[in-house]
Amino acid sequence: MSAPSTMLVRAQAYLAERRHLGFELDRSGSLTLAFARFADASGHVGPLAAPIVLRWAKEAAARADPFTWAGRVGVLRPFARHLADRDPSTR
């Protein structure tokens, strides 16, 4: 069995697939990569889970504004669906 890939590897593969389908993903792509780097730097291992997403959404770099937090979480929803299709343990 192979070692689990980092969140950054999964994000890069997801974005490459989406871009291949014609999506530009400028802002959402950069935010998805920022999340993946945050998750890896935080030591997150395993499937995507709500606690790591919420920690990233509320991190100090984000304005202390629930609307900003919601927007950041919303950007990750398609990525989360993509991962859930491939790994049912995604929560």
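Helices here are DSSP runs of H or I with at least four residues, strands are runs of E with at least two, and both are numbered from the N terminus. The model is predicted: local features need pLDDT of at least 70, side-chain atom pairs count only at pLDDT 80 or more, and totals for chains, interfaces and linings use all residues. Residues are numbered from 1 along each chain as its sequence is written, and side-chain values use heavy atoms, without hydrogens or water.

**Stop 1: H44**

Select H44. It sits in the loop between α2 and α3. Its side chain reaches the backbone oxygen of P47 at 2.9 Å. Now show what H44 touches beyond its neighbours within four places in sequence: M7, A39 and I52 are in contact with H44 (contact means heavy atoms within 4.5 Å).

**Stop 2: A49**

Stay in the loop between α2 and α3 (50–57) and pick A49. Is A49 buried or exposed? A49 has 6% relative accessibility, so it counts as buried (under 20% relative accessible area, with a 1.4 Å probe and protein chains only).

**Stop 3: α2 against α4**

Select residues 26–41 for α2 and 66–86 for α4. Their axes come within 9 Å and cross at roughly 90° (axes are lines fitted to C-alpha atoms over the stretch in contact, and angles run from 0 to 180 degrees between N-to-C directions). The two helices are therefore roughly perpendicular (65 to 115 degrees). On α2, show R27, S28, L31, T32 and F35; on α4, show R72, V75, L76 and F79. Colour this contact by type: five residues are nonpolar, two polar and two charged.

Note on methods
Angles under 35 degrees count as roughly parallel, over 145 as roughly antiparallel, 65 to 115 as roughly perpendicular and the rest as oblique. Ala, Val, Leu, Ile, Met, Phe, Trp, Tyr, Cys and Pro count as nonpolar, Asp, Glu, Lys and Arg as charged, and the others, Gly among them, as polar. Buried means under 20% relative accessible area, exposed over 50%, partly exposed in between (1.4 Å probe, protein chains only). A polar contact is a pair of N or O atoms within 3.5 Å; within protein, one must be able to donate a hydrogen and the other to accept it, and residues adjacent in sequence count only if both atoms are side-chain atoms.
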